[in-house]
Amino acid sequence: IYSQTGTLENFKLFAGTWRCDGKANTELAPEVPTRVTVSFKSDGRWLQVKMEEQKSKQHPKATSSTEVWGHSAALGGFVRNGADNQGGFYAGKSSGWVGERFWWTTDSARGGKRVQLKDTFTKVSDKELTLERAFDPTGTGDGLRVVFEGSCKR
């Protein structure tokens, strides 16, 4: 259903602000009720993305990131770059929509070490998505563990 060209048409579903309610696995406790707010704004060529996890007593190191999403034929598809409040820098790739899923495989650095992230968005309807965020502290992609999963609504 989605075009695989490098246009913003591929990001059309994301436009606006989404509130994702779910559970986070934090360093202090598993399954902490958490909200992630994701805002998407197009400048006509790129998609500017802000992701903010809700802080709480059980999730004091909530992540906030600012990113740019786009398409680069030279780099082989969809690209994602950004930084977060934990000292992480992102460089990610995606092949785009596969059925109802759009996911990123992203290299990052946290705590001075290379890590890997995977964010998966699944379309439920034009006004609902699911978001699963996974983190691999080894940086290989072999040790991915889900750190947040929830349902997102505009």
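A residue counts as partly exposed when its relative accessible area falls between the two cut-offs, buried being under 20% and exposed over 50%. I start there because Asp 107, at 28% relative accessibility, therefore counts as partly exposed. The model on the screen is a predicted one.

S1, residues 16-24, runs antiparallel to S2, and nine bridges join the two. In that pairing, Gly 16 stands opposite Phe 40 of S2. S1 also pairs with S11, again in the antiparallel sense, over six bridges. There, Arg 19 stands opposite Lys 153 in S11. If you are following one side chain after another, remember that in a regular strand the side chains alternate between the two faces of the sheet.

Is Arg 45 buried or exposed? Its relative accessible area is 58%, so Arg 45 is exposed. For a sense of distance, take the C-alpha atoms of Arg 45 and Val 146: they are separated by 31 Å, and the two residues are 101 apart along the chain.

Now to the other end of the sequence. S8 and S9 run antiparallel and are joined by 10 bridges. One of the pairs there is Thr 105 with Lys 118, its bridge partner in S9. The two strands form a hairpin with two residues between them, and in the turn Gly 111 has a positive phi of about 60 degrees. S9 then pairs with S10 over nine bridges, in the antiparallel sense. Thr 120 stands opposite Glu 132 in S10. S9 and S10 also form a hairpin, with two residues between them.

Next, the disulfide. How many disulfides does the structure hold? It holds one. It joins Cys 20 to Cys 152, with the sulfurs 2.1 Å apart. The pair links distant parts of the chain, since Cys 20 sits in strand S1 and Cys 152 in strand S11 (residues 145-153), 132 residues apart. As a reminder, a disulfide is a covalent bond between the sulfur atoms of two cysteines. The link of Cys 20 and Cys 152 is right-handed, with 110 degrees about the S-S bond. Cys 20 has 1% relative accessibility, so Cys 20 counts as buried. Cys 152, at 0%, counts as buried too.

On to charges. Side chains of opposite charge can pair when their charged atoms come close. A search of the whole structure finds nine salt bridges, and I will go through some of them.

One is between Lys 12 and Glu 9, with 4.0 Å between the closest N and O atoms. Lys 12 has a relative accessible area of 56%, so Lys 12 is exposed. Glu 9, at 45%, counts as partly exposed.

Another is between Arg 110 and Asp 84, where the closest N and O atoms are 3.2 Å apart. This pair links distant parts of the chain: Arg 110 is in strand S8 (residues 101-110) and Asp 84 in strand S5 (residues 77-84), 26 residues apart. Asp 84 has 11% relative accessibility, which is under the 20% cut-off, so Asp 84 counts as buried.

The partly exposed Asp 107 from my opening forms a salt bridge with Arg 114, the closest N and O atoms being 3.1 Å apart. Arg 114, at 55% relative accessibility, counts as exposed.

There is also a network of salt bridges, which links Glu 53, Glu 67, Arg 80, Asp 119 and Arg 133.

Last, the largest pocket. About 520 Å³ of space lies in it. Of the 19 residues that line it, the closest to its centre are Glu 27, Thr 63, Arg 110, Phe 135 and Val 147. Which elements give two or more residues to the lining? They are strand S9 (113-125), strand S10 (128-136) and S11. S10 gives the most, with three residues. By residue type, the lining of the largest pocket divides into six nonpolar, six polar and seven charged residues.

That is the end of my part.

Notes: Residues numbered from 1 in each chain as written. Predicted model: local features only at pLDDT ≥ 70, side-chain atom pairs only at ≥ 80, totals over all residues. Heavy atoms only, no water. Salt bridge = Lys/Arg side-chain N within 4 Å of Asp/Glu carboxyl O. Buried < 20%, exposed > 50% of the residue type's maximum accessible area, 1.4 Å probe, protein only. Helix = DSSP H or I, 4+ residues; strand = E, 2+ residues; numbered from the N terminus. Disulfide = S-S within 2.5 Å. 1 Å grid on protein atoms, 1.4 Å probe; cavity = no way out; pocket = protein on both sides within 12 Å on 5 of 7 lines; lining within 4 Å. Points joined across faces, edges and corners; volume = space filled by probe spheres on them. Nonpolar A, V, L, I, M, F, W, Y, C, P; charged D, E, K, R; others polar. Pairing = 2+ DSSP bridges.
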